[in-house]
Amino acid sequence: MKRYAIKILFTCIVFTLQVTFFIATGNAQGVILKRDLSPAEGLLKPQEKPYRDEICLNGRWDFQPVAIPADWVSGRGIAPDLAMPDPGKWEDTKIKIPSPWNVNEWGGGSKVGKGTDLPYAPSSVYYPSYPASWAHVRMGWLKRSFIIPTAWKGKRLLLHFEAVAGDCVVLVNGKEVGRNMEAYLPFELDITDIVQSGKTNELLVGIRHRKLFDKKNALYSKMSATYPPGSNTSDLIGIWQDVFLEAVPPVSVQTVFAKPFVDRDELDFEIKLSNQSAKTHNVRLSSDIKEWINNASDDPLNGPEINWHLGKTAMQLDPIMVSLKAGETRTIIIKTKVDGKLKLWSPDHPNLYTLVLTSGENQINFDCKTERFGWRSFTIKGKDFLLNGQKIQCFGDLQHPFGPYITSRRFAWAWYKMIKDVGGNAVRPHAQPWPRVYYDLADEMGLMVLDEDALFGSSIALNLEEDITWGRTAQQIEELIQRDRNHPSVIGWSVGNEIFAIELLNKPAPEIAKVWDERMVKLAKLALRLDSTRMLVTSDGDKDLSGNLPVWSKHFGHGLKLDQLPSDINKPIIIGESGATYYGKPRELFPFIGLKAYGTYEQRNEALAIDVYQNVVQMARPLLGYYSPSELCWFGIEHLNLGYHDYSRLPNEHDGIFPGKPYEEGKPGYQYERIPPYVTTFNPGLDPELPLYKPLAMFDALMAALAKDKPAPSEWDHFQDTANWERPTYPQTVYTNALYIGKQDGPLVKLLNDLGLDLAPGKSAPNLIIIDGESVTANDLQQNQKEIETVQQNGGMIWILMAGNEPSKAARKLLPAGLEFFPFKTTAMQSNTNNPAGTFFNLRDLYFSEMAGDKFIIKQVMEGSSISKNSIILEPAKNDWALFSDAPENRKCAQEVLYEHLQRPQSASLIYLPLGKAKLMISTIDYRISNPEMDALWYKLCNSMAIGLNNKKNIKERSTNKKHDLLLDGPVN
């Protein structure tokens, strides 16, 4: 414990020393991966490259923070002006695009130089080279230069951003070319007339944080965000996805919308053609449909890497002629019968095709545009979903974007592989549009996607009273559909998530809430109007908005909620989130597994397993169209110690996965400097000592419940009744005559009096001496020397109590040699049943993480050679549920898992040692904490040690007056 405590206490010092070691010896602690951490493709496909060109503008950019003016006032909806960059103030450190400049805050874990603040939290430092000061920058400029190849002469030049977080303005060669505030979706800017071919051109991107546009509402104090904020990404700022410069012919195909109507055997293509030249062109458009062949393997290292080709031609459509005037853009529709020439797309058979559109004139081709699609239809009939005309039930998963790792194709692949392994067929990339790769992989691996915008009601911050909020959300929905409409995996659109939470916490008048609901319905109708191929539109968790949505959707907490399902509707029912995964404390999980709910992280998971099994078997399979537990990928499998295997110490900045390839300019995808341990539950081939994932009971139970033919027997298919624990009968009272030695007006005296110990001296010889080990003086002991010797000789008890400080010099003389005290904070203990006194306590007795006020009942522990296993009565628990229950979702699991993994020397909070014929009891339980829960503990302790009490107080077992928090404490109805 001594070594462990020192490492926690002096993390910063240790870090400084280790940096020197790291530079001298190399990365001896982490794992080097000599593959791409984030495999990625460019915009163009091989078939397009003879006619189109691209340059990836990823790489090292210059960065210049801009200070917010001192007189700017927040909360008015008006952001401060962004001053132009100062030529002499660019940062020395380059930023590696793509990445937000505050990327090391994304994940909310321990930071560089602040490890002692959150010792068990996973590090969120993915880019150690970035200065810590960048994390707090709210405005700034990014700059790079580029050269247009002379071979591109005559083509239109498009600057393509996959996503920029923040309100951004783009300048090329000093001229503004466009603005954008959509944080999650692509935008393009035509810069043809501004750049100079063969010369160096300057690109400037100025960005202001979206929260600078927040507008506080006078009536509803929680409302501020005037934009769809997303989840766990609302604070990001910067260019966080790829940037490309694309060259396209002046006469080109701009967009393609593939519309499969399987029920009528018709395949339509909506094609937008554009003529940006100075003359009319008579365009001949040829269309071939080719098989898209997936060559990817199924192993974690190679499976996520990109490996495909186009196969044989499945269909060849008749060419069409289109006359386009100069400057004209036209949309044309091509319709064709399929006649069995295309294989259906489904989760079991994710068959894909690519439309290859070749355009030209006078037998000379000048453009090629490809679009991948699938031949499938997803429709609604009564209470059922139909895929290709056959009833299908969706069983999926969801995930919050908890950190930069989510931008890697490797982790997307691993998540989807887990869903398929458990028997699932669906996924909801949660609370915002995710990077494009998630929808590509869903197509390829066979998962049905409920595609969601960033109107995340559970953020609570949405300002629904501002028209601009609704306008920006409508724009996002339109751009989301534009991006994702050709994915066969996308079965429907979710235009919001848990908007009910805003109404619940702001408590608007009914007529105001009705207006908000009506505007949500308008968003749903917008989605239906923009996409005629999909009938499924929902606001996830918000029922059906008074009957106006085609499905009924709800989120449930723990337990079987059959009585809350509607029985009078003829539409599919969706339970998009289910279970106590993120909020369930032992008191909620106790009914499932009894006292084991207070046990380890794995034991807690057994309760989640029982809950998910009964929900799938009794509710989802017989009644639902779509069911998802709440984040199987976060709570049903264990967080992984990527690149960290020395549990004798806390992780440090040199643990994790590090790139074994040099950084490359102009390469698509993230090039992380590090992936820390415990930030994820997946290991897509990164650490050879770990599996792809480690299933917990919840995973096993869900897999059994989803078994193809019928639910399989499972050890989690029934409740684990361990609640009938009977406390042994307390021993008869032995110690009734007590003498107290120490500070006479301190908290220990108050506690003893409250418990009913008679401390009045002189009645008879004491057989119990209680000593305040922190305040007792040599004079105190000298005055009571005779009584101490009498107890030692006659076989009484001496109890030395510590609260959290070092023992006094006088107390040291009473303590056995080799007994040491070390700082260590925890809210839970466990009993040692090898010691008879330990049999009187269960984990529920020793659990205090929900206690009001100071819940750290232990501030220090005892170690040393004088302590044997049998001498320990109470010791720190293997877990500390305060690390889970009081922590945000992005780090709670990792903290608890790491805490349990760490190897600690044997330590104790209450021990028994012989002292002559007497019993010497020593405790480090903080007696300064005064409340009913601690009174109950002391009452049980005294009874277990045969100490006589005359207690008149009403001892309560639990005291939980904590104000309910929707995000930490779970849903309410």
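**Strands, helices and backbone features of the predicted model**

Tyr740 stands opposite Ile770 of strand 36. The structure described here is a predicted model. Strands of a sheet pair through backbone hydrogen bonds, in either a parallel or an antiparallel sense.

Strand 36 covers residues 768-772, and five of the five are buried, so the strand is largely enclosed by the rest of the structure. In a regular strand, side chains alternate between the two faces of the sheet. In strand 36, Leu768, Ile770 and Asp772 lie on one side, while Ile769 and Ile771 lie on the other. Both of these faces are covered, as the residues on each side are all buried.

Four strands form an open sheet in the order 17-16-19-20, with antiparallel pairing. Strand 17 (308-324) and strand 20 (364-373) are the edge strands, each pairing on one side only. On average, and with direction ignored, neighbouring strands of this sheet are turned by 20 degrees against each other. Helix 4 (residues 437-445) packs on the sheet and touches strand 16 (281-294), strand 19 and strand 20. The direction of helix 4 makes about 75 degrees with that of strand 20. Nine bridges link strand 19 (residues 352-361) to strand 20 in the antiparallel sense. Within this pairing, Leu357 has Lys369 in strand 20 as its bridge partner.

Helix 4 is also one of the elements against which the buried residues of helix 3 pack. Helix 3 (residues 409-422) has 14 residues, which should span 20 Å at 1.5 Å a residue; its end C-alpha atoms are 20 Å apart, in agreement with this value. Of the 14 residues, 12 are buried, so helix 3 is largely enclosed by the rest of the structure. The buried residues include Arg409, Phe411, Trp413, Trp415 and Tyr416. Besides helix 4, the packing partners of the buried residues are strand 1 (31-33), strand 25 (398-399), strand 26, helix 10 (632-635) and helix 11 (697-705). At the start of helix 3, a side-chain oxygen of Ser408 comes to within 3.1 Å of the backbone nitrogen of Arg410. Just after the helix, Gly423 has a positive phi of about 105 degrees.

Strand 26 (residues 426-429) contains Arg428. Arg428 has a relative accessibility of 1% and therefore counts as buried, the cut-off being under 20%. The side chain of Arg428 makes a polar contact of 2.8 Å with the side chain of Glu452. A polar contact of 3.1 Å also joins the side chains of Arg428 and Asn497. When residues up to four places away in sequence are not counted, the residues touched by Arg428 include Trp415, Asp540, His555, Glu577 and Tyr626.

Helix 18 (residues 932-944) has 13 residues and reaches 18 Å from its first C-alpha to its last, close to the 18 Å expected at 1.5 Å a residue. Of these residues, 11 of the 13 are buried, so helix 18 is largely enclosed by the rest of the structure. Among the buried residues are Met934, Leu937, Trp938, Lys940 and Cys942. The buried residues of helix 18 pack against helix 12 (747-755), strand 37, strand 39 (829-831), strand 41 (872-876) and strand 42 (910-915). Just after helix 18, Ala946 takes a positive phi of about 65 degrees.

Further backbone features occur at other positions. Glu498, although not a glycine, has a positive phi of about 55 degrees. Glu498 lies in the loop between strand 28 (490-497) and helix 6 (500-506), and counts as buried at 11% relative accessibility. Lys543 is likewise not a glycine and has a positive phi of about 55 degrees. Lys543 is located in strand 30 (residues 542-543), and at 41% relative accessibility it counts as partly exposed. The peptide bond from Ile97 to Pro98 is cis, with omega near 5 degrees. Pro98 is placed in the loop between strand 4 (95-97) and strand 5 (139-147).

Conventions:
Residues are numbered from 1 along each chain as its sequence is written. This is a predicted model: local features need pLDDT of at least 70, side-chain atom pairs count only at pLDDT 80 or more; totals for chains, interfaces and linings use all residues. Side-chain values use heavy atoms; hydrogens and water are left out. Two strands pair if DSSP finds at least two bridges between them. Helices (H or I, at least four residues) and strands (E, at least two) are DSSP runs, numbered from the N terminus. Axes are lines fitted to C-alpha atoms, for helices over the stretch in contact, and angles run from 0 to 180 degrees between N-to-C directions. Contact means heavy atoms within 4.5 Å. Buried means under 20% relative accessible area, exposed over 50%, partly exposed in between (1.4 Å probe, protein chains only). A polar contact is a pair of N or O atoms within 3.5 Å; within protein, one must be able to donate a hydrogen and the other to accept it, and residues adjacent in sequence count only if both atoms are side-chain atoms. The expected span of a helix is 1.5 Å times one less than its number of residues.
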